[in-house]
Amino acid sequence: MGTTPSLLLLGLALFAIIYALSLIGTSSLISGLVLLPGSCVGAVISPFAGKLADKWGFKFPLTLGGCLFLLGN
């Protein structure tokens, strides 16, 4: 994964934690646990995305991930 997507994900994670802490008023434990499902999904999907990247190049997994991200939002 490149530097730009990593920094983007880090920024989104930081925004989610600050949002949960400040606006919703949750504890720091709950705010950190907000990121747990996404981390678990990323850990499960990473090997499959790597196989896709090896087989078809990086354009297909990145496009698929972007489409799924847009559908999820």
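Is Lys-55 buried or exposed? Lys-55 counts as exposed, at 63% relative accessibility. The views below show a predicted model, in which local features need pLDDT of at least 70, side-chain atom pairs count only at pLDDT 80 or more, and totals for chains, interfaces and linings use all residues. Residues are numbered from 1 along each chain as its sequence is written, and side-chain values use heavy atoms, with hydrogens and water left out.

**View A. Lys-55 in helix 3.** Helices are DSSP runs (H or I, at least four residues), numbered from the N terminus. The exposed state of Lys-55 rests on these classes: buried means under 20% relative accessible area, exposed over 50%, and partly exposed in between (1.4 Å probe, protein chains only). From the C-alpha of Lys-55 to that of Gly-42 the separation is 19 Å, and the two residues are 13 apart in sequence.

View B. Leu-52 lies in helix 3, which covers residues 36-56. Leu-52 is partly exposed, because its relative accessibility is 25%. Contact means heavy atoms within 4.5 Å. Apart from neighbours within four places in sequence, Leu-52 is in contact with Gly-57, Phe-60, Pro-61 and Leu-64. Thr-63 is 11 residues from Leu-52 along the chain, with 12 Å between their C-alpha atoms.

**View C. Ser-31 in helix 2.** Helix 2 spans residues 28-33. Ser-31 has a relative accessible area of 0% and is therefore buried. When residues up to four places away in sequence are not counted, Ser-31 touches Ile-17, Ala-20, Leu-21 and Thr-26. The side chain of Ser-31 also reaches the backbone oxygen of Ser-27, at 2.9 Å.

**View D. A nonpolar patch on the surface.** The patch is formed by Leu-8, Leu-9, Leu-12, Phe-69 and Leu-70, which together have about 540 Å² of accessible area. Two or more residues come from each of helix 1 (3-24) and helix 4 (59-72). Helix 1 gives the most, with three residues, while Phe-69 has its place in helix 4. Patches are made of residues with over 30% relative accessible area and no salt bridge; like charges are joined within 9 Å, and nonpolar side chains (Val, Leu, Ile, Met, Phe, Trp, Tyr) within 5 Å. A salt bridge is a side-chain nitrogen of Lys or Arg within 4 Å of a carboxyl oxygen of Asp or Glu. Areas come from the Shrake-Rupley method with a 1.4 Å probe; for residues, only the protein chains shown count as cover.

**View E. Cys-40 and Cys-67.** Cys-40 is partly exposed at 42% relative accessibility. Cys-67 is partly exposed, also at 42%. The structure holds zero disulfides, a disulfide being a pair of cysteine sulfur atoms within 2.5 Å.

Methods: Polar contact = N/O pair within 3.5 Å; in protein donor to acceptor, adjacent residues only side chain to side chain.
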